[in-house]
Amino acid sequence: MELAKIEQLLVAYFEGETNLQDEKTLRDYFLNENVPTHLLQYKPIFIGLEAARKERFQKEIDLPKPETAAFTNWKYIAVALLVLSFLVGGVYFSQSNKLTPEEKEALAAFEESKKAMLLLSQNLNKGTERLTLVNQFSTAKNKVFE
Amino acid sequence: MNQVEFLEIVSPFKDKLYRLAKRILISTDEAEDAVQEVYLKLWKAKANIKSYSNVEAFAMTMTKNFCLDRLKSKQASNLKLVHTNFPTSGNIERNLEANEGVAMVLKILEDLPEQQRIVIQLRDVEQLEFSEIAKILDSNETAIRVALSRARKTVRNLMIKKYNYGIS
């Protein structure tokens, strides 16, 4: 590469008028050729820009873990089940509190019959008390006729 | 789309995103965080990813916007960007070695205005066409050439100044 051409390209370069091919020519020249003293000050520019292109992203790309996504799904299912069980339970309990007229009638009848049974048993107890008196009479009779 | 398919699409340009983020934010840590954020956003929008004509250009634009926002919020909250990437070299040796020159160029790049930093990154580091840069930056080629010329000239002038100082 003739020097005059390089000097011409340099002028265009600093005016922002070179294309990518021109810039490659300049880069190749300053990175590889023996650069004369009066152009030496440009050398670090091209070396520096080339060095900057060598820099690498050293970390791993950090995305949300797939396990976390699975866990989230699992949580959604758990919440859905919980809500469902509340709904089912709620419906069940609310229905058990609401009695049909027939059921109410049956319940009332049950209460009545329970009362009747209670009365019966009380009277029966009175009867047995009286029976003890009869027993006393028979023991007294035994004493007399011994 | 599962993570493997997603990574196949988006991994090839992770270094480019990182270099752009670092050019804007300068700090390595901040740049890494920015890239992670951009990928997280892309992952959340993965349903649309195939409808984008150019995922890479889209990701570059996202990165640029994200980093500029970060920079703005830092400046608004008066926080200074802290980075320990480069040892600050106070005195320059009289005989300028290539490595020192390179470190100086990179330091000069850090001090350019943001827009010029982005343009010189996309053109002189990533070697993209002006049409591609215009698309990423939502700008026009003329404006990009102007910003690029300014950036290159600033680097050149500062290098000449330091170089002449170094050898005189």
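The points below describe helix packing, the chain interface and salt bridges in a predicted model.

1. Basis of the note. Residues are numbered from 1 along each chain as its sequence is written, chains are lettered from A and ligands numbered from 1 in the order in which they are written, and side-chain values use heavy atoms, with hydrogens and water left out. Because the model is predicted, local features need pLDDT of at least 70 and side-chain atom pairs count only at pLDDT 80 or more, while totals for chains, interfaces and linings use all residues.

2. Helices α2 and α3 of chain B. Helix α2(B) spans residues 14-25 and helix α3(B) spans residues 28-44; they pack at an angle of about 130° with axes 8 Å apart. Helices here are DSSP runs (H or I, at least four residues; strands are E, at least two), numbered from the N terminus. Axes are lines fitted to C-alpha atoms, for helices over the stretch in contact, and angles run from 0 to 180 degrees between N-to-C directions. The two helices are therefore oblique to each other (under 35 degrees is roughly parallel, over 145 roughly antiparallel, 65 to 115 roughly perpendicular, and the rest oblique). Residues in the contact (heavy atoms within 4.5 Å) include B:Leu17, B:Ala21 and B:Leu25 of α2(B) and B:Ala31, B:Val35 and B:Val38 of α3(B). By class, this contact has 9 nonpolar, 1 polar and 4 charged residues (Ala, Val, Leu, Ile, Met, Phe, Trp, Tyr, Cys and Pro count as nonpolar, Asp, Glu, Lys and Arg as charged, and the others, Gly among them, as polar).

3. Helices α2 and α6 of chain B. The axis of α2(B) also comes within 9 Å of that of α6(B), residues 114-125, and the two cross at roughly 145°. From α2(B), B:Arg19, B:Leu20, B:Arg23 and B:Ile24 meet B:Arg117, B:Ile118, B:Gln121, B:Leu122 and B:Val125 of α6(B). The residues of this contact divide into 5 nonpolar, 1 polar and 3 charged.

4. Helices α6 and α7 of chain B. Helix α7(B), residues 130-137, crosses α6(B) at roughly 140°, the axes coming within 10 Å, and the pair is therefore oblique. B:Ile118, B:Val119, B:Leu122 and B:Arg123 of α6(B) make the contact with B:Phe130, B:Ile133, B:Ile136 and B:Leu137 of α7(B). This contact has 7 nonpolar, no polar and 1 charged residues.

5. The interface. Chain B contributes 38 residues and chain A 32 residues to the contact. Together they bury about 3400 Å², 62% of it on carbon and sulfur atoms; buried area is the accessible area (1.4 Å probe) that two parts lose on being put together, summed over both. On the chain B side, B:Gln36, B:Gln127 and B:Arg152 lose the most area to chain A, together 17% of what that side buries.

6. Salt bridges. A salt bridge is a side-chain nitrogen of Lys or Arg within 4 Å of a carboxyl oxygen of Asp or Glu. A:Lys59 forms a salt bridge with B:Glu32, their closest N and O atoms being 3.2 Å apart. Within chain A, A:Asp28 and A:Lys24 form another, at 2.9 Å from N to O. These two residues are 4 apart in helix α2 of chain A (residues 20-32), so about one helical turn separates them.
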